[in-house]
Amino acid sequence: MGLGHLLHHNPAPGTAGLTIDHGGSYDVFGAVFFGGRRDRVYRRLAVLSGAGPGDLVLDIGCGTGYLTRRLAAVVGSGTVVGLDPSAAVLDHARRITKEPNCTYTVGVAESLSAQDNSFDVVANCLMLHHLPEDLRATALAEMRRVLRPGGRLLIGEFRPPANPVGRHLVGALTGPAMEHNPIDLLAPMVVDAGFEQVDSADLHPWIRVVTAVKPGAVE
Ligand SMILES: C[S@@+](CC[C@H](N)C(=O)[O-])C[C@H]1O[C@@H](n2cnc3c(N)ncnc32)[C@H](O)[C@@H]1O
């Protein structure tokens, strides 16, 4: 049994996604797993999201709010909403968040309650592989729906090690979703969801970043 089984919980009501309830253990695992580089990688993700002062940002699958808080630092007077199906992990996020411009709400990526065109930026990190594969396109369509025309998408996803031994080790620690994450399908899925200006980059040690823009901005 991998460590993933200790961190993950049965799906919360309303999703077939694999939720995380134990926020404290998750952050300890994250610190070790990123080998001391988690803060640097997540601050870079916040910058790459293109979020700027005054923006309204949605962080889907926010977990303990690690990315949410770094996005809050770049939006200044703006607001970041962290969304997750797990009420327990959101309680943890609220306890450790000092930034006044972060709020947290229960919800699911595949059926967002937000109105169309309501966010400047939609971000998520290490969330999509928690969804069953058949829900990922639905979640991307929802991200597009709630972004305003010209709004920006940022996805950070787990990039499995190229070498089979490393990949197998990841699988033993976390489970098959990370070991077999089909990372090269991510950018094409974002294109299929109707985004434009789709770019990919890798951040070390583990993250593939895909950024994109919702078409239709008024010039
Ligand atoms: C690996 S954690 C990532 C947390 C945070 N984004 C980070 O990078 O530290 C994945 C998160 O996705 C959440 N999740 C699972 N199913 C989901 C769904 N259907 N919609 C949104 N989030 C979901 C889990 O509860 C968990 O908090």
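This passage describes the overall build of a predicted protein model and then a selection of its local features.

The secondary structure of the predicted model consists of 9 helices and 9 strands. The C-alpha trace extends over about 50 × 35 × 35 Å along the principal axes. Of the 219 residues, 54% are buried. Contacts between residues at least 6 apart in sequence were also examined, and 65% of them join residues at least 24 apart.

The accessible surface amounts to about 10000 Å², and carbon and sulfur atoms account for 57% of this area. With regard to charge, the protein carries 19 positive and 22 negative side chains. The centres of these two sets are separated by 7 Å.

Aromatic residues form a further element of the description. A pair of aromatic rings is described by the distance of the centres and the angle of the planes. The structure holds 7 such aromatic pairs. In one of them, Phe33 and Phe158 have ring centres 5.9 Å apart and planes at 35°, and the pair is tilted. Phe33 belongs to helix α2 (residues 23–33), whereas Phe158 belongs to strand β7 (residues 147–158), so this pair ties together parts of the chain that are 125 residues apart in sequence. Both partners are covered: Phe33 is buried at a relative accessible area of 15%, and Phe158 is buried at 1%. In another pair, the ring centres of Phe34 and Tyr42 lie 5.8 Å apart; because their planes stand at 75°, the pair is edge-to-face. Phe34 counts as buried, with 4% relative accessibility, and Tyr42 is likewise buried, with a relative accessible area of 4%. Beyond individual pairs, ring pairs join Phe29, Phe33, Phe34, Tyr42, Tyr66, Phe158 and Trp206 into a cluster.

Tyr66, a member of this cluster, is also one of the buried residues of helix α4. This helix comprises residues 66–75 and is mostly covered, with 8 of its 10 residues buried. Besides Tyr66, the buried residues of α4 are Leu67, Thr68, Arg69, Arg70, Leu71, Ala72 and Val75. Just after the helix, Gly76 adopts a positive phi of about 55°.

Tyr66 is furthermore among the contacts of Arg38. Arg38 is located in helix α3 (residues 38–48). Its relative accessibility is 5%, and Arg38 therefore counts as buried, the limit being 20%. When neighbours within four places in sequence are left aside, Arg38 is in contact with Tyr26, Asp27, Gly30, Ala31, Thr64 and Tyr66.

Apart from residues up to four places away in sequence, Val106 touches Asp84, Pro85, Ala87 and Leu90. Val106 and Ile155 are separated by 49 residues in sequence, and their C-alpha atoms lie 20 Å apart in space.

Several features of the backbone remain to be described. Most residues other than glycine have a negative phi, and most peptide bonds are trans. A cis peptide bond is present between His204 and Pro205, with omega of about 10°. Pro205 is situated in the loop between β8 (196–203) and β9 (207–213). Leu126, which is not a glycine, has a positive phi of about 55°. Leu126 is placed in the loop between β6 (119–125) and α6 (133–146), and at 12% relative accessibility Leu126 counts as buried. Gln197 also has a positive phi, near 50°, and is a residue other than glycine. Gln197 lies in strand β8 and is exposed, with a relative accessible area of 54%.

Technical notes
Residues are numbered from 1 along each chain as its sequence is written. This is a predicted model: local features need pLDDT of at least 70, side-chain atom pairs count only at pLDDT 80 or more; totals for chains, interfaces and linings use all residues. Side-chain values use heavy atoms; hydrogens and water are left out. Helices (H or I, at least four residues) and strands (E, at least two) are DSSP runs, numbered from the N terminus. Buried means under 20% relative accessible area, exposed over 50%, partly exposed in between (1.4 Å probe, protein chains only). Contact means heavy atoms within 4.5 Å. Accessible areas come from the Shrake-Rupley method with a 1.4 Å probe; for residues, only the protein chains shown count as cover. Lys and Arg count as positive and Asp and Glu as negative; His and the chain ends are not counted. The place of a charge is taken as NZ of Lys, CZ of Arg, CG of Asp or CD of Glu. Rings of Phe, Tyr and Trp (its six-membered ring) pair if their centres lie within 6.5 Å; planes under 30 degrees apart count as stacked, over 60 as edge-to-face and the rest as tilted.
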